[in-house]
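Student: I would like to learn how to read a model such as this one. Please take me through a few features in turn.

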Amino acid sequence: MKIAVIGTGYVGLVSGTCFADSGNYVTCVDIDEQKVEQLRDGEVPIYEPGLEAIFSRGIREGRLTFTTKMKKAVKEADIVFLCLPTPPGGDGQADLSAVMKVAGQLGSLLEDYTVIVNKSTVPVGTGDRVHEAVADNADEQLFDVVSNPEFLREGAAVDDFMYPERVVIGTESERAAEIMTTLYEPFVRSGNPIIVMDRRSSELTKYAANAMLATKITFMNEIANICERVGANVDNVRRGVGTDSRIGKRFLFAGIGYGGSCFPKDVQAIHYTAGQNGYDFKILDSVMKVNEAQKVSIVDKMEKYYGTDDFEGKTFGMWGLSFKPETDDIREAPALYIAEELVKRGAKLIGYDPEAIGTFRQATSQAVLDKMEFVHDQQDALEDIDALIICTEWNEFRRPTVDRFQDHMKQPVIFDGRNLYDLDRARKAGITYISVGRPAVN
Ligand code: UGA
């Protein structure tokens with residue numbers, strides 16, 4: 001099939017590349033000329049495991065091309081994917097200006113029947129608005145607008161795209177459903193379902209999935225907070241509840257809160273949509289509040305440990321700056337908030353991350369930059385520090401040799417926001433180890 005992907009951000013690039021890899025001809029369109037040049041030169045602007053290899057192959061074999069000219073790409077396409085940014089607007093609702101602008105231009109470009117697919121996360125009813133905007137300049141027989149939310153996790157996006165647990169297609173048109181099903185069949189050969197439903201339900205499915213996952217994590221974070229107060233261990237509780245298949249083992253890891261560009265934005269957006277429609281989505285109110293506090297809960301633990309909120313003269317190492325491993329994305333990363341709070345209390349910081357130092361530097365405040373040094377080796381972040389704070393569970397942090405802590409830090413004190421280490425091992429190694437929802441090792 002011939003596909004045009006409008007928008008070469010994270011979702012557009014991964015989707016376009018994966019569609020090209022499965023034999024389709026894909027033209028990715030972006031208004032940013034510099035970015036298009038860069039892509040044509042074979043440079044992938046984001047860090048995503050596995051993407052570069054299939055991206056290069058797609059270009060080499062002529063199935064993946066890039067342009068700034070929407071007209072030609074759309075005219076030739078059987079399917080046009082809208083993968084445009086929908087950042088949070090001022091009121092908590094997603095800002096649809098990019099989507100609506102392109103929708104307004106599409107109608108006059110259509111010559112033959114085309115399926116227009118919205119892949120961006122958009123409020124319920126956006127499909128109707130896109131349909132109207134296209135119909136302003138095109139015969140309604142010439143197109144259908146479909147919702148096809150993405151469920152990609154950063155850091156695992158290529159795998160998630162290639163082997164989706166489900167594909168959701170929202171359309172009332174049989175013709176569009178047939179084309180979309182044909183497109184996705186190669187990705188679900190293992191038997192996972194392609195679920196065709198009405199467009200509004202499909203739009204809501206995306207928000208419901210993210211909000212439910214964010215709630216699941218938050219629930220476990222609250223259980224962890226109780227564990228700390230009653231002397232229980234959240235790892236044991238997690239194993240105990242996760243084996244109930246109605247609950248499931250995944251997404252039960254307590255930590256320092258969820259971050260990223262999706263959960264915070266989507267929880268806020270569905271909460272807003274509910275409010276707009278006269279419904280108070282109370283549980284999400286709590287989820288947002290609990291998550292905000294959870295992000296800096298580690299600072300409370302540090303204050304308790306040191307018996308003061310004055311960290312003047314102390315230097316802390318920070319391992320992990322991105323919001324989660326395998327990405328350089330620092331949006332809503334707990335590390336940003338923790339760094340801010342520690343610097344406010346007078347601390348100096350040494351930060352290390354395998355991928356996210358550059359993005360962290362750009363996003364943090366001048367106050368943090370003035371007090372924070374960045375190093376490119378995890379060990380260098382341990383030199384003469386008073387304590388180490390672990391913010392992200394990169395694999396390389398999982399098995400450090402214990403004497404590294406003993407030999408390099410002033411005292412071997414670790415505040416772990418991701419529960420990486422075994423408590424007994426920490427005890428035997430003589431490390432002071434304070435984690436989340438588990439008894440402290442002193
Ligand atoms: C999330 C969803 O998982 C994807 O299905 C969805 O497509 C995507 O948002 C999106 O809307 O585009 P992502 O934001 O990449 O993907 O990250 P996740 O791997 O889901 O993790 C989100 C946050 O939850 C991270 O901060 C992570 O550290 C935290 N988390 C996750 C926990 O604290 N505990 C867990 O057990 C799992």
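Student: Is aspartate 144 buried or exposed?

Tutor: A residue counts as buried if 20 or more other C-beta atoms lie within 10 Å of its own, exposed if 12 or fewer, and partly exposed in between, with C-beta atoms placed from the backbone. Aspartate 144 has 24 C-beta neighbours inside 10 Å, so it is buried. Bear in mind that this is a predicted model: local features need pLDDT of at least 70, side-chain atom pairs count only at pLDDT 80 or more, and totals for chains, interfaces and linings use all residues. Residues are numbered from 1 along each chain as its sequence is written.

Student: Where does aspartate 144 sit, and which residues is it in contact with, leaving aside its neighbours within four places in sequence?

Tutor: Strands are DSSP runs of E, at least two residues, and helices are runs of H or I, at least four, numbered from the N terminus. Aspartate 144 is in strand β6 (residues 143–147). Two residues are in contact if their C-beta atoms, placed from the backbone, lie within 7 Å. With neighbours within four places in sequence left aside, aspartate 144 contacts Val115, Thr171, Ser173, Arg175 and Ala176. Arginine 175 is 31 residues from aspartate 144 in sequence, yet their C-alpha atoms are 8.5 Å apart.

Student: Which residues have the most contacts inside the largest nonpolar core?

Tutor: A nonpolar core is a set of buried Ala, Val, Leu, Ile, Met, Phe, Trp, Tyr and Cys residues joined through C-beta atoms within 7 Å. The largest one here has 122 residues, and Ile6, Val80, Leu82, Ile116, Met318, Ala339 and Ile389 have the most contacts inside it. Helix α9 supplies the largest share of this core, 8 residues. Beyond four places in sequence, valine 80 has contacts that include Ile6, Leu106 and Ile116.

Student: Why does the shell around the ligand lie between domain 1 and domain 2?

Tutor: Domain bounds come from an automatic or database domain assignment. Domain 1 (2–197) and domain 2 (207–293) both give residues to the shell, so the shell lies between them. Helix α9 (residues 199–230) gives the most to the shell, with 3 residues.

Student: What kinds of residue make up that shell?

Tutor: Ala, Val, Leu, Ile, Met, Phe, Trp, Tyr, Cys and Pro count as nonpolar, Asp, Glu, Lys and Arg as charged, and the others, Gly among them, as polar. The shell divides into 11 nonpolar, 5 polar and 4 charged residues.
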